[in-house]
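Please look over the chain below. The report that follows takes up its overall build, some loop residues and a few helices.

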Amino acid sequence: MVPAVQFNFRSHFTELLGQTLSEILSPGSPGFNVAIEFARPKQASHGDYSCNLAMQLAKPLRQNPRDIAKMLIGGLIASPYLEKAEIAGAGFINLFLKISAKQQFPGYVLESGEDYGHGSIGEGKKVQVEFVSANPTGPLHVGHGRGAAFGASLANVLEAAGYSVTREYYVNDAGRQMDILALSTWLRYLELNGVTCPFPGNAYQGEYVRDMARLIHKAHAGRYVHRPELLFEGLAAEADSNTETQLDGLIANAKKLLGQDYAYIHNFVLAEQLGDCRNDLAEFGAVFDVWFSEQSLFDSGSVAHVVQLLEQGNYVYQQDGAKWFKSTDFGDKKDRVIQRENGQFTYFASDIAYHLNKFERGFSHVIDVWGADHHGYIPRVKGAMQALSLDPAKLEIALVQFAVLYREGKKAPMSTRSGEFVTLRELRQEVGNDAARFFYVLRKSDQHLDFDLDLAKSQSNDNPVYYVQYAHARVCSVLEQWGENTAVLATTDMSPLTNPAELSLLQKLIDYPELVESAAKELSPHLIAFYLRELAGEFHSYYNATRFLVPEVPLRLARLGLIAAIRQVLSNGLKLLGVSAPEKM
């Protein structure tokens, strides 16, 4: 048998059916390129795998699907792993594996170790996963945490599937939000120097802004107090004048008053918040290979260049002094401004330049992890890729709904400008990294997630991360009681494993590599979390009903080999999700 790290039954049976199709059909004939898919039946009586290929071929071949199924089975019975194949219903093919084939897998798992579940469908292709990319205008909150957990787990899954993955954070260091943060910090700095100015309600309010102002004041005293009495020149001075126009006017006046010193304030707050963000994410297990600066796209002329390319392709027109990209040509609701009347480029223009840069770096596939509120942004970005003669199919957008945190049944607010938010760091300190990472990926990324803080902290079977980790610790406890070298279990005869619970657990081990492959194809790390919870559930039931350290040596070693393999798969799966596998709990 081929080691399981390189083998799964779906691929094996798919290859056999492909060979059969090539024998009964000529290339180009109807049905020759039909997709061959195997599913795991919900009922054990329907076998270990089921295939509907015969029914897919019925129409193009104009034959009865049951007759087609008989021909296809002829190619499957050559498999050394197959006990029998049956035709069910209108033409389903149900496959039943030999018990001896299943019994080989604990040994394969233990031989493969940390590599079990790794595959090669990625073929080493270069893939970029860009995630989080929050404006560095304040601490990351629990909403950002879900994108971080999803992106980091997805990157791990893709690597396990054989892709060469680059993890990237896009730093929005060139936009208006950074100017608002710089202004907010300077106003708080002026207060420390005895200068009181009305503080805009739509500026950044958090205590972290005051902290940055204190650092500047401690290092430079009153050096940056530049004629603040002129700050409201030409503007309304009332404290309740909180329009965005008023805020833009304050930013413009601050830049004028500070002159070259504005760059210091801007760069200081950027460095402070970006450093805090980097440390927070690293502690959370989200480590990036590249931190890409938006400002670098302007400094290098890339934004101006990409606008020029779009103009040359006749995808830009001028109206009211601004330049517009014809995004409606690509399914967008309306055309989009890429350069304003005053000559400034928009966020969209820099985003186009950034995505062009990604493909210029040689990535065969690019995955952007965005908040679900950016759904409407997809057509215009993909349209811009198409306008630049890039394949939009190579850009995939994974949408992530923000998680809503509940503490004692009450919803916690998360507004960065108001300063009323629960930070990711606070969440991690309260529930721990493991619970945070696991809870964030418990649902499909684009589905709403209520994060139950009280449940995440509980040590009960209702807490999914505790439930999975406890399964791992239980195996460790049994093997510790046994006290012998576990290396011998990799070559143990597993033929004593014959009861239904053991056969079901063997199938769960078989499923794991296939599941990793599916999670990579579907960009769905939540499938790993689901699987781990199911595997833990089956193990706990088996543990509660079974003696492991029995007098019969063959049975004892076989059962210990099975649970040691379960421990390995639990560890491998938890690692993909950035969660630890404790030996004691």
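## Terms and model

A residue counts as buried under 20% relative accessible area and as exposed over 50%, with partly exposed in between. The model is predicted.

## Overall build

The protein chain holds 21 helices and 17 strands. Its C-alpha trace spans about 90 × 60 × 35 Å along the principal axes.

Of the 585 residues, 52% are buried. Take the contacts between residues at least 6 apart in sequence: 73% of them join residues at least 24 apart.

## Loop residues with positive phi

Two loop residues other than glycine come up here. Asn-314 sits in the loop between α12 (302-312) and β8 (316-319). Its phi is positive, about 65 degrees, although Asn-314 is not a glycine. Is Asn-314 buried or exposed? Its relative accessible area is 53%. The cut-off for exposed is over 50%, so Asn-314 is exposed.

Ser-133 belongs to the loop between β5 (126-130) and α6 (142-160). Phi of Ser-133 is also positive, near 45 degrees. Here the relative accessible area is 13%. Buried means under 20%, so Ser-133 is buried.

## Helix α8

Helix α8 covers residues 207-220, which is 14 residues. From first C-alpha to last, α8 reaches 20 Å, close to the 20 Å expected at 1.5 Å a residue. Which residues of α8 are buried? They are Tyr-208, Val-209, Met-212, Ala-213 and Ile-216. These five cover an arc of only 145 degrees around the axis, so they lie on the same side of α8.

Just after α8 comes Ala-221, with a positive phi of about 50 degrees.

## Helices α7 and α9

Helix α7 runs over residues 176-192, and helix α9 over residues 244-258. Their axes come within 10 Å and cross at roughly 70 degrees. The angle therefore makes α7 roughly perpendicular to α9. The crossing is left-handed.

From α7, the residues in contact are Arg-176, Asp-179, Ile-180, Leu-183 and Trp-186. On the α9 side they meet Glu-244, Leu-247, Asp-248, Leu-250, Ile-251, Ala-254, Lys-255, Leu-257 and Leu-258.

## Helices α16 and α18

Helix α16 (residues 433-440) packs on helix α18 (residues 464-482) with the axes 9 Å apart. The angle is about 110 degrees. Angles from 65 to 115 degrees count as roughly perpendicular, so that is how α16 stands to α18. What is the handedness of the crossing? α16 passes α18 in a right-handed crossing.

Asp-434, Ala-435, Phe-438 and Phe-439 make the contact from α16. Pro-464, Val-465, Val-468 and Gln-469 make it from α18.

## The loop at Ala-372

Ala-372 is placed in the loop between β11 (365-371) and α14 (378-387). Which residues does Ala-372 contact, leaving aside its neighbours within four places in sequence? They are Leu-399, Val-400 and Gln-401.

Ser-504 is 132 residues away from Ala-372 along the chain. The C-alpha atoms of Ala-372 and Ser-504 are separated by 38 Å.

Definitions and conventions:
Residues numbered from 1 in each chain as written. Predicted model: local features only at pLDDT ≥ 70, side-chain atom pairs only at ≥ 80, totals over all residues. Heavy atoms only, no water. Helix = DSSP H or I, 4+ residues; strand = E, 2+ residues; numbered from the N terminus. Expected span 1.5 Å × (residues − 1). Buried < 20%, exposed > 50% of the residue type's maximum accessible area, 1.4 Å probe, protein only. Arc of directions from axis to C-beta. Axes fitted to C-alpha atoms, helices over the stretch in contact; angles between N-to-C directions. Parallel < 35°, antiparallel > 145°, perpendicular 65-115°, else oblique. Left-handed = near helix turned anticlockwise from the far one by under 90°. Contact = heavy atoms within 4.5 Å.
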